[in-house]
Amino acid sequence: MATKGNKDGVQWVVPDPKRENWYWPSDALRQHAWVSDPKIYDQAKADPLAFWAKQAEGITWFQKWSKVYEDEPFAYKWFVGGKLNLSYNSLDRHVEAGRGDRVALIWEPEPLSEPHRTMTYKQLLEEVGRFANALKALGVRKGDRVGIYLPMIPEAVVAMQACARIGAPHTVVFSAFSAESLRDRLVDSGAKVLITADGYWRRGKAIDLKPQADQALPGTQVSKVVVVRRMGQEIPWDAQRDVWYHEITKGQPTECKPEPMDAEDLAFILYTSGTTGKPKGVMHTTGGYAVQVYTTAKWDFNLHEDDVHFCTADVGWITGHSYVNYGPLMNGVASLVYEGTPDFPDFGRMWQIVEKHKVTVYYTAPTAIRMHIKWGDEWPKKYNLNSLRVLGSVGEPINEEAWLWYFHLVGGKRCPIIDTWWQTETGATCVQALPGVGPFVPTVAGRPFPGIRARIVDASGQPVKAGEGGYLVLEPPFPPALLRGLYGDPEKFRATYFGEFGPKVYFTKDGSRMDEMGNIRVTGRVDDVMNVAGHRLATAEVEDALAQHPAVSEVAVVSKPDEIKGEVPVAFVLLKKGFQASEDLKKDLIKTVDKIIGPTARPSSIYFSEDVPKTRSGKIMRRVLKALVRGEAVGDITTLRNPECVEDLKRLVGYKG
């Protein structure tokens, strides 16, 4: 049993005496962790159903399940017959247990002149109840879809919880997405209500949101728009359609009975980019999602009631759903939400928040870490970060330089780094090192979470040997939180995730390697597979090889048609400080690829660039790079974090599209 108590400056990890940059949990961490015995992996592997059934007892069910798992092709189910509610498990059960005065949400607005807000579990439950009743008054019923287009303000969490409370599946759209992106999602989901805001702050500027929402509405089924007043400026208004959040919640009862949801009832739809550009509506159901998110949040981050959990993701992404909202709240901890960017008003924004609120768990993306490295070591050094005890990484494989900087400068060589692999489709983390078990190794995610069956296979579906590259797949019983389908498109669901290795193997489309201990290193996406002179080659494999060169900070590889070979790789390389672009360096990089993969994988061109196009969540938009090297139209770049880099890259590659 884990012990409580977070003390500043505790040494939570110790170095491995035989292996450089390997770390293990200290005695203090083992005693504090929920899980410290590595035997849990073998026990869960022997009987995954018994493992997950035991974890399911950690949350509240209105009616217990009659069957733990049903293994039907394309229709797998968890906790069959069970009834529960996500909002009840996030809020009511803590209040009913006498923990209502504990802090549930901490909100840091961007303007430093504006005070931060806190909401206890009792206060959050009451606000969720008021808004849930308001949604009912607008005609929202169980099964109705509700669109949420909100910035990072407390009402974003309130809205999601209120939808879950009445059984109305929410579809959250990132507030920086364009009106067109919002419309696509509202149309596909058939949402009847949209929740938005008048605007928000970003880098000192007031960003209008309501006009964007209005542009998205033609052609949708949305009949009512609820608007949160964040900024107070004048906004366009349709008196027949638009209602203010503060007006429709005023006078509503604080009590709203949670809707009993079947374990397989739809909880939410979240759209993720597809290779064709059209977003896919990933469906997550209630029971399996609740159990896996609750358990992984608790074990991955070693959550205790006195923790302050700071996940920097936006609620528009799955990470925000699972580890800003539902995961921390189901575990009864304080979840910190912030508005704005990590570089405003200065580069110390995140560290100032950590110091101010004595954050204990910090969960962010490698892209953000690399940005901090670029800004300089002096910023984290300015602040007292001794409250931290767990650091997390999410969104993409983390490179060694970023891992070590994070470990040394942010964690003070005291904190484990929990490098999590998962997807929008998996709903919750699937591969990582548990804090009380370890090891913590740069670029190595860890072992599959107990009860999750993951393997690495070759193109024919056969397991590869330790150390060999292959494809990461999941096998039955599938993770409880795994998607149950793509909204309105069952055929695409089958073809996308089960078309490669059959109905009993979920293909993650990520390349990986596994060592003798079972630790997995994820090398990146393999969606983009090239046929180079008759050889099947993933762009992610070439990226992985180039990334091993000491000069390379970041790399993206795409394919380009070739008259002789069919296709050839083209690489965009970002260099580390101290290295200069040169023809000699290009030759050296090609030698690296020759050595690691072979001459077949040699890039036909290597471009040294200052930046590459990325989404707001930090993922490289390879379709833009592919269009540039092929002279094709680059398409919509409004959702990019750095659209300005596209013009620079056009000049670099001699784009004539």
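1. In this predicted model, K122 is partly exposed, because its relative accessibility of 41% falls between the 20% and 50% cut-offs. E126, at 25% relative accessibility, also counts as partly exposed.

2. K122 and E126 form a salt bridge, with the closest N and O atoms 2.8 Å apart. Both residues belong to helix α5 (residues 121-137) and are 4 residues apart, about one turn of the helix. Residues three or four places apart in an α-helix point the same way, because the helix has 3.6 residues a turn.

3. A salt bridge also joins D265 and K142, whose closest N and O atoms are 3.4 Å apart. This pair links distant parts of the chain, 123 residues apart: D265 is in the loop between β15 (261-262) and β16 (266-272), and K142 is in the loop between α5 and β8 (146-149). D265 is partly exposed at 22% relative accessible area, and K142 is partly exposed at 43%.

4. E339 and R230 meet through their side chains in a salt bridge of 2.8 Å, N to O. E339 sits in the loop between β19 (334-338) and α12 (349-357), and R230 in the loop between β13 (224-228) and β14 (242-244), so the pair ties together parts 109 residues apart in sequence. Both E339 and R230 are buried.

5. The structure holds 34 salt bridges. A network of them links K210, D214, R241 and D242.

6. Helix α19 (residues 622-630) has V624, L625, A627, L628 and V629 buried. The buried residues of α19 pack against β32 (552-562), β33 (566-575) and α20 (645-653). Just after α19, G631 has a positive phi of about 70°.

Terms used: Residues are numbered from 1 along each chain as its sequence is written. This is a predicted model: local features need pLDDT of at least 70, side-chain atom pairs count only at pLDDT 80 or more; totals for chains, interfaces and linings use all residues. Side-chain values use heavy atoms; hydrogens and water are left out. Buried means under 20% relative accessible area, exposed over 50%, partly exposed in between (1.4 Å probe, protein chains only). Helices (H or I, at least four residues) and strands (E, at least two) are DSSP runs, numbered from the N terminus. Contact means heavy atoms within 4.5 Å. A salt bridge is a side-chain nitrogen of Lys or Arg within 4 Å of a carboxyl oxygen of Asp or Glu.
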